Amino acid sequence: ILNVEQSPQSLHVQEGDSTNFTCSFPSSNFYALHWYRWETAKSPEALFVMTLNGDEKKKGRISATLNTKEGYSYLYIKGSQPEDSATYLCAVNAGGTSYGKLTFGQGTILTVHP
Amino acid sequence: DTGVSQNPRHKITKRGQNVTFRCDPISEHNRLYWYRQTLGQGPEFLTYFQNEAQLEKSRLLSDRFSAERPKGSFSTLEIQRTEQGDSAMYLCASSAGQGYGYTFGSGTRLTVV
């Protein structure tokens, strides 16, 4: 059973603060790591898909890094805005016969206060 | 294409009743997934289709759950003899293939009373 852990469970920051979250996963049987943002009353939205050790991806003020050897990924948000408030989900695809199935962490709930 | 569509958005049912949810994926995506999410947890895998073939079903899924994807287009998820523990958000997602992100629907929130 693939175990994906996210920390912290929740986070409160002030507008303008930079913040980061962690996703930990078993380093064996790894194919890809996904990050999603899930705003209340909306669909989860794909942020990044990363496959290679050392991958770094950026989308506006949000960036992510991947270390497959030690089994972790970081998501960074620079200059947080209230509209960044959401649940951030990390998910891992183990490859092989998993058919692209994702195992999700429990999420990090971010609240950005104006 | 307007993305992944799920119906209904909300469903309240009495314990013991059967319910059916529908998912219309992005037409170019041949992979379709169903997940279930409960409060405080991440989405949990239920089942996966590639075109019309159901290739994997979670061991957590009891025999009361069944899913279909006729002709590799829309999919339905049926829960028979619902129980209170079935109350959850049921998410559908489609994907162009392994290594691609999922496109999720808005989900169907099921409440069993």
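Visitor: How many disulfides does the structure hold over all chains?
Guide: A disulfide is a pair of cysteine sulfur atoms within 2.5 Å. This is a predicted model, in which local features need pLDDT of at least 70, side-chain atom pairs count only at pLDDT 80 or more, and totals for chains, interfaces and linings use all residues. Side-chain values use heavy atoms, with hydrogens and water left out. Over all chains, the number of disulfides is 2.

Visitor: Which cysteine does Cys23(A) join in a disulfide?
Guide: The S to S distance of the link is 1.8 Å. The torsion about the S-S bond is -50°, and the link is left-handed. Cys23(A) sits in strand β3 (residues 19-24) of chain A, and its partner in strand β9 (residues 86-93) of chain A, 67 residues apart. Strands here are DSSP runs (E, at least two residues), numbered from the N terminus. The partner is Cys90(A).

Visitor: Are Cys23(A) and Cys90(A) buried or exposed?
Guide: Buried means under 20% relative accessible area, exposed over 50%, and partly exposed in between (1.4 Å probe, protein chains only). By that rule, both Cys23(A) and Cys90(A) are buried.

Visitor: What is the handedness of the disulfide of Cys23(B) and Cys92(B)?
Guide: The two sulfurs of Cys23(B) and Cys92(B) lie 1.9 Å apart. Both residues, Cys23(B) and Cys92(B), are buried. The S-S torsion is about -65°, so the disulfide is left-handed.

Visitor: How far apart in sequence are the parts that Cys23(B) and Cys92(B) tie together?
Guide: Cys23(B) belongs to strand β3 (residues 19-24) of chain B. Cys92(B) belongs to strand β9 (residues 88-95) of chain B, so the tied parts are apart in sequence by 69 residues.

Visitor: What area do chain A and chain B bury between them?
Guide: Contact means heavy atoms within 4.5 Å, and 23 residues of chain A are in contact with 23 residues of chain B. Buried area is the accessible area (1.4 Å probe) that two parts lose on being put together, summed over both. Carbon and sulfur atoms carry 59% of it, and the area comes to about 1700 Å².

Visitor: Which side chains meet in a salt bridge between Lys101(A) and chain B?
Guide: A salt bridge is a side-chain nitrogen of Lys or Arg within 4 Å of a carboxyl oxygen of Asp or Glu. Across the interface of chain A and chain B the rule finds 1. The N to O distance is 2.7 Å, and the side chains are those of Lys101(A) and Glu56(B).

Visitor: Which residues are linked with Arg37(A) in a network of salt bridges?
Guide: One pair in chain A meets at 3.7 Å, N to O: Glu45(A) with Lys59(A). Glu45(A) is in strand β5 and Lys59(A) in strand β6 (residues 56-59), 14 residues apart. Glu45(A) is partly exposed at 30% relative accessibility, and Lys59(A) is partly exposed at 40%. The residues linked with Arg37(A) are Glu45(A) and Lys59(A).

Visitor: Is Asp84(A) buried or exposed?
Guide: Asp84(A) forms a salt bridge with Arg61(A) at 2.8 Å, N to O. Arg61(A) is partly exposed, at 33% relative accessible area. Asp84(A) has 3% relative accessibility, so Asp84(A) counts as buried.

Visitor: Which residue forms a salt bridge with Asp24(B)?
Guide: Asp24(B) is partly exposed, with 24% relative accessible area. The closest N and O atoms are 2.8 Å apart, and the partner is Arg22(B).

Key
Residues numbered from 1 in each chain as written. Chains lettered and ligands numbered in written order. Helix = DSSP H or I, 4+ residues; strand = E, 2+ residues; numbered from the N terminus.
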